[in-house]
Amino acid sequence: MISVLICEDQTLVRQGLASMLGTEPGIIIAGEATDGETAIEKVAELQPDIVLMDVRMPVKDGVKATEEVCNRFPNTRVIILSTYDSEE
């Protein structure tokens, strides 16, 4: 089983990802976080295999949270998620 932590501040997106991934064989949703600081705490607590990390989140953004997760938990892989309307 691959354990996944979903880190996304928008409830609908977070629930949608959890719902979609939760139906896949071999994947278990370990938990959810709504901001970067909570994401780091949840990684420490749950030790997921993969973190789906939103870039734009309150308290600590996903970029800073990813950097900390990668430094502190080298066995956890992070996949960055983002949706922007701008081409930049």
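Just after helix 2, Gln 47 takes a positive phi of about 50°, and this residue of the predicted model is placed in the loop between helix 2 and strand 3. Gln 47 is not a glycine, and most residues other than glycine have a negative phi. A positive phi, of about 70°, is also found at Val 59, again not a glycine.

**Loop residues with positive phi**

- Gln 47 counts as partly exposed, because its relative accessibility is 44%, a value that lies between the 20% limit for buried residues and the 50% limit for exposed ones.
- Val 59 belongs to the loop between strand 3 and helix 3, and its relative accessibility of 69% is why it counts as exposed.
- Val 59 is also one of the residues in contact with Asp 35, once the neighbours of Asp 35 within four places in sequence are left aside.

**Helix 2 (36-46)**

- The buried residues in helix 2 are Gly 36, Ala 39, Ile 40 and Val 43; they cover an arc of only 100° around the axis, and therefore lie on the same side of helix 2.
- An α-helix has 3.6 residues a turn, so residues three or four places apart point the same way.
- The cover over the buried residues of helix 2 includes strand 1 (2-7), strand 2 (27-33), strand 3 and helix 3.

**Asp 35 at the start of helix 2**

- Asp 35, which sits in the loop between strand 2 and helix 2, caps the N-terminal end of helix 2, with a side-chain oxygen 3.0 Å from the backbone nitrogen of Glu 37.
- The side chain of Asp 35 also reaches the backbone nitrogen of Thr 38, at 2.7 Å.
- Although Asp 35 is buried, it has no salt bridge, and the nearest side chain of opposite charge, that of Lys 60, is 8.8 Å away.
- Apart from its neighbours within four places in sequence, Asp 35 is in contact with Met 57, Pro 58, Val 59 and Lys 60.

**Helix 3 (62-72)**

- In helix 3 the buried residues are Gly 62, Ala 65, Thr 66 and Val 69; because the arc they cover around the axis is only 100°, they are placed on the same side of helix 3.
- Lys 64, Glu 67 and Asn 71 are exposed, and they are found on the other side of helix 3.
- Among the elements that cover the buried residues of helix 3 are helix 2 (36-46), strand 3 (50-54) and strand 4, while helix 3 in turn is part of what covers the buried residues of helix 2.
- The N-terminal end of helix 3 is capped by Asp 61, a side-chain oxygen of which lies 3.0 Å from the backbone nitrogen of Val 63.

- Pro 74 lies in the loop between helix 3 (62-72) and strand 4 (77-81), and it counts as exposed because its relative accessibility is 53%, the cut-off for exposed residues being over 50%.
- Between Pro 74 and Leu 52 there are 15 Å in space, taken from C-alpha to C-alpha, and the two are 22 residues apart in sequence.

Methods. Residues are numbered from 1 along each chain as its sequence is written. This is a predicted model: local features need pLDDT of at least 70, side-chain atom pairs count only at pLDDT 80 or more; totals for chains, interfaces and linings use all residues. Side-chain values use heavy atoms; hydrogens and water are left out. Helices (H or I, at least four residues) and strands (E, at least two) are DSSP runs, numbered from the N terminus. Buried means under 20% relative accessible area, exposed over 50%, partly exposed in between (1.4 Å probe, protein chains only). The arc is that of the directions from the helix axis to the C-beta atoms. Contact means heavy atoms within 4.5 Å. A polar contact is a pair of N or O atoms within 3.5 Å; within protein, one must be able to donate a hydrogen and the other to accept it, and residues adjacent in sequence count only if both atoms are side-chain atoms. Lys and Arg count as positive and Asp and Glu as negative; His and the chain ends are not counted. A salt bridge is a side-chain nitrogen of Lys or Arg within 4 Å of a carboxyl oxygen of Asp or Glu.
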